[in-house]
Amino acid sequence: MSVLKIENIHKRFGKTEVLKGVTFEMNKGEVVAILGSSGSGKTTLLRCINFLEKADAGKIYVEGTPVFDAENKTKISAKEIRKNQLNFGLVFQSFNLFPQYNVLDNVMLAPKLLAKEREDYKVNKALIQSEIKKDALQMLEQVGLEQKLESYPCELSGGQQQRVSIARALVLKPKVLFFDEPTSALDPELTGEILKVIRNLALNKTTMIIVTHEIEFAKNVADRIIFMDDGVIAEDGTPEEVIDNPKNNRTRSFLNKFNELK
Amino acid sequence: MADMTFNEIVRNLFEGFYQNGLIFIFTLIFAIPLGLIITFGSMSKFTPIKSLPKFKPIKWIAKTFVWIIRGTPLMLQLFVVMYAPGMLFDIPMKSRMTAVLIAFVINYAAYFSEIYRGGIESIAKGQYEAGQVLGMTKRQIFFKVILFQVIKRITPPMSNEIITLVKDTSLARIVGIPEIIMCAERFTKSGLIWPLFSTGLYFLFFNGLLTILFGYFEKKMNYYN
């Protein structure tokens, strides 16, 4: 069964239709890279799936259960939306760490707040808190920041900040982890460390969708590449199929432009 | 009055300044939270009628309120609060101090609310979105993520406004509160000018303390950017 299924997602902003019917599904453990030129709708698609934008039409399923249906006009409670939101994790282009908290607290804030909703929170408070800390430390170790627990975001490089934000998303154990151009705000030197972390996650079979402009990286790390153009999926296949033998004209010209730059 | 000693005059001025201090403290205590409520009002997106998405009554009420309060002199507001209830509704103000506090709290809450609004609107959208994708409620996002950043950003303009408040407290004399300048002015009738001029020192000293306090507060929050 697919872990995520997107059906016919449409989204318009004013007069511009950004998404014109996007459909795909992905399996557990799969790594999907989404490529496409600016304005092709990649980021909007991610935002719609993560409930940051409300799609005008379409359905979203997680493990077969519908979590979003644009047809359904009954008001969904904020609590329900939050619950659905936690199926996913999102790493932003601009990190969006909380500046007033140190690295460890950035990672622990959300799990701590969520734990308060647990029925056994009052009884097992100490145990729950220590488990959260253990999880957070483990995640930060995984992204190589165990030395920076007490640092504040402003004291870190962009690459380190992005690694904290990856740990912050991972600690909630999302079923699918999304990356929205995770290296676009970083200089080439720092890009490498993020790509390394993502590659390790891929090796550990983390289910991921990565919007990126790093074509070489996408080719190496992704099981599957989706090429978006003008609000639709123009091509969807293995890296060999999409990057080495693109069938679609737009894909071809997009890749050619990238190759010329090299 | 002319036969008062220097010490007695100074003590008399201190008694006046105590009134200024009372107005200052109570205005802060009430205006700081009231300002936040007005801010929420002026940022409200509440639309009671679905077919009229531009009809936002709470926002309009809050905005109109701020416009009136910021658009008229505090001195006039003091007169209105002091005398209008008695003249219009036959319920005269029992205490001058209450009238002064009502006028000051309303006036400063309006100014504070605009400072808060500026601070809240200056926080990047990404902070809200990050909280949202981490499954935080709107309340949690505001109190655990946004508020602290807002406090840091509004400290300089709030310091400014609070220092203005210290000086504005002397307006209370127009409804008969014996604040420091009113006290000092009595001495001029017997030919003593220096007490009036010396009142400046009280204000300078008090505002000096506040300036140090705000500086310390700003420094405290400088651990992050």
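A residue is buried if 20 or more other C-beta atoms lie within 10 Å of its own, exposed if 12 or fewer, and partly exposed in between, with C-beta atoms placed from the backbone. By that rule V31(A), A33(A) and L35(A), pointing one way from β3(A), and V32(A) and I34(A), pointing the other way, are all buried. This is a predicted model, in which local features need pLDDT of at least 70 and side-chain atom pairs count only at pLDDT 80 or more, while totals for chains, interfaces and linings use all residues. Residues are numbered from 1 along each chain as its sequence is written, and chains are lettered from A and ligands numbered from 1 in the order in which they are written. Helices (H or I, at least four residues) and strands (E, at least two) are DSSP runs, numbered from the N terminus.

**The sheet of chain A**

- In chain A, 6 strands form an open sheet in the order β6-β7-β8-β3-β9-β10, with mixed pairing; two strands pair if DSSP finds at least two bridges between them.
- The edges are held by β6 (88–91) and β10 (232–237) of chain A, each with a single partner strand, so one side of each is left without a neighbour in the sheet.
- From one strand to the next, the twist averages 20°; axes are lines fitted to C-alpha atoms, for helices over the stretch in contact, and angles run from 0 to 180 degrees between N-to-C directions.

**Strand β3 of chain A**

- Strand β3 (residues 31–35) of chain A pairs with strand β8 (residues 208–211) of chain A in the parallel sense, over 4 bridges.
- The pairing of β3(A) with strand β9 (residues 224–229) of chain A is also in the parallel sense and over 4 bridges.
- V32(A) stands opposite I209(A) in β8(A) and opposite R224(A) in β9(A).
- A33(A) has I210(A) as its bridge partner in β8(A).
- Because 5 of the 5 residues of β3(A) are buried, this strand is largely enclosed by the rest of the structure.

**K54 of chain A**

- K54(A) lies in the loop between α1 (42–49) and β4 (57–62) of chain A.
- K54(A) counts as exposed because it has 11 C-beta neighbours inside 10 Å.
- H10(A) is 44 residues from K54(A) in sequence, and the two are 9.5 Å apart in space, C-alpha to C-alpha.

**Where the chains meet**

- Between the chains, 20 residues of chain A are in contact with 18 residues of chain B; two residues are in contact if their C-beta atoms, placed from the backbone, lie within 7 Å.
- On the side of chain A that touches chain B, α2 (78–85) and α3 (103–115) of chain A each supply at least two residues.
- The largest share of that side, 4 residues, comes from α3(A).
- By class, the side of chain A that touches chain B has 14 nonpolar, 5 polar and 1 charged residues; Ala, Val, Leu, Ile, Met, Phe, Trp, Tyr, Cys and Pro count as nonpolar, Asp, Glu, Lys and Arg as charged, and the others, Gly among them, as polar.

**Chain B as a whole**

- Chain B has 8 helices and 0 strands.
- The C-alpha atoms of chain B fill a box of roughly 75 × 50 × 25 Å, taken along the principal axes.
- The radius of gyration of chain B is 22 Å, whereas a compact globule of 225 residues would have one near 17 Å; the radius is taken over C-alpha atoms, and the globule rule is 2.2 Å times the number of residues to the power 0.38.
- Of the 225 residues in chain B, 28% are buried.
- Among contacts in chain B between residues at least 6 apart in sequence, 71% join residues at least 24 apart.

**Helices α1 and α2 of chain B**

- The axes of helix α1 (residues 6–42) and helix α2 (residues 57–71) of chain B come within 7 Å and cross at roughly 130°.
- That angle makes α1(B) oblique to α2(B); angles under 35 degrees count as roughly parallel, over 145 as roughly antiparallel, 65 to 115 as roughly perpendicular and the rest as oblique.
- The contact involves I38(B), G41(B) and S42(B) of α1(B), and residues of α2(B) including I58(B), F65(B) and V66(B).

**T199 of chain B**

- T199(B) sits in helix α8 (residues 194–220) of chain B.
- T199(B) is buried, because 21 other C-beta atoms lie within 10 Å.
- Apart from neighbours within four places in sequence, T199(B) is in contact with L13(B), I180(B), I181(B) and A184(B).
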